[in-house]
Amino acid sequence: IMRIPRRVRLVLSIILISGYCFITGSSPPVLRATIMAIVFISAYFLRAEPDIFSACALAALIILVSCPGQLFDVSFQLSFASVIALITIFPIFKKISSVEKIKNRIMRFLTESMLVSFSAWMGTIGFIVYYFGIVCPVTVISNILIVPLAAWITLCGFSLIFMSAVIPSLAVYCAAVTEAAVRVLFMINFELMKTPGAYFYLK
């Protein structure tokens, strides 16, 4: 909309992504995502084809070189396990289910979302059982609802920060929308956890 040149947009994206990583505490999942995003964006400047396996490996290398102990951190393992599952398992499920043949766009989107969520769940279930002794099948459904809502909450949070600095009188409305979205997220999570078979313990 603002007609910003592509190169400038990409540089601004790198700056904003890095800033987001910093203000959220640079946890392993966020740091992994940040590094992978920067690698993909940098591929444009290098005129190279971005490779998700290389980006994932580079992210792991950088994190482990700076802090080798992260290898035994649960969040580190879950983060990379979920990404690797999406890279390897999701394409297989997508091919088997013939998602592209679904003509209805909404149904195709929902089916793909379900397969993405199921792939990530399959990739992380072993770690979750090992560390927490619990299996949560409801995760497959909850991710479809909660992940987009969490992204919306993040955008609302940034809008709240921006409005507080630029137009303080509107900040209260941003805060109300953010609070409402958070309440809805907790409500969805609470209701899903009450459904039969939502989770069960193995220990």
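**Exercise 1: A serine inside a helix**

Find which helix holds Ser-119, and work out whether this residue is buried or exposed.

*Solution.* Start with the position: Ser-119 belongs to helix H5, which covers residues 105-132. Keep in mind that you are working with a predicted model. Next, look at accessibility. The relative accessibility of Ser-119 is 0%, and buried means under 20%, so this serine is buried. Now see what surrounds it. Apart from neighbours within four places in sequence, Ser-119 is in contact with Ala-85, Leu-86, Ile-89, Phe-90 and Phe-93. One of these, Phe-90, has its backbone nitrogen 3.5 Å from a polar atom of the Ser-119 side chain.

**Exercise 2: Checking the span of a helix**

Work out what span helix H1 should have, and compare it with the distance between its end C-alpha atoms.

*Solution.* Helix H1 runs over residues 6-23, which makes 18 residues. The expected span is 1.5 Å times one less than the number of residues. For H1 this gives 26 Å, and the end C-alpha atoms are 26 Å apart, so the two values agree. Then look past the helix: Gly-25 follows H1 and has a positive phi, near 95°.

**Exercise 3: Pairs of rings**

Decide how the rings of Tyr-44 and Phe-45 are arranged, then do likewise for Tyr-199 and Tyr-201.

*Solution.* You need two values, because a pair of aromatic rings is described by the distance of the centres and the angle of the planes. The model has eight aromatic pairs. For Tyr-44 and Phe-45, the centres are 5.7 Å apart and the planes stand at 80°; planes over 60 degrees apart count as edge-to-face, so this pair is edge-to-face. Tyr-44 is partly exposed at 32%, and Phe-45 is partly exposed at 29%. For Tyr-199 and Tyr-201, the centres lie 6.0 Å apart with planes at 85°, so this pair is edge-to-face. Here Tyr-199 is partly exposed at 37%, while Tyr-201 is exposed at 56%. Finally, ring pairs also join Phe-93, Phe-118 and Trp-121 into a cluster.

Definitions and conventions: Residues numbered from 1 in each chain as written. Predicted model: local features only at pLDDT ≥ 70, side-chain atom pairs only at ≥ 80, totals over all residues. Heavy atoms only, no water. Helix = DSSP H or I, 4+ residues; strand = E, 2+ residues; numbered from the N terminus. Buried < 20%, exposed > 50% of the residue type's maximum accessible area, 1.4 Å probe, protein only. Polar contact = N/O pair within 3.5 Å; in protein donor to acceptor, adjacent residues only side chain to side chain. Contact = heavy atoms within 4.5 Å. Phe/Tyr/Trp six-rings, centres within 6.5 Å; stacked < 30°, edge-to-face > 60°.
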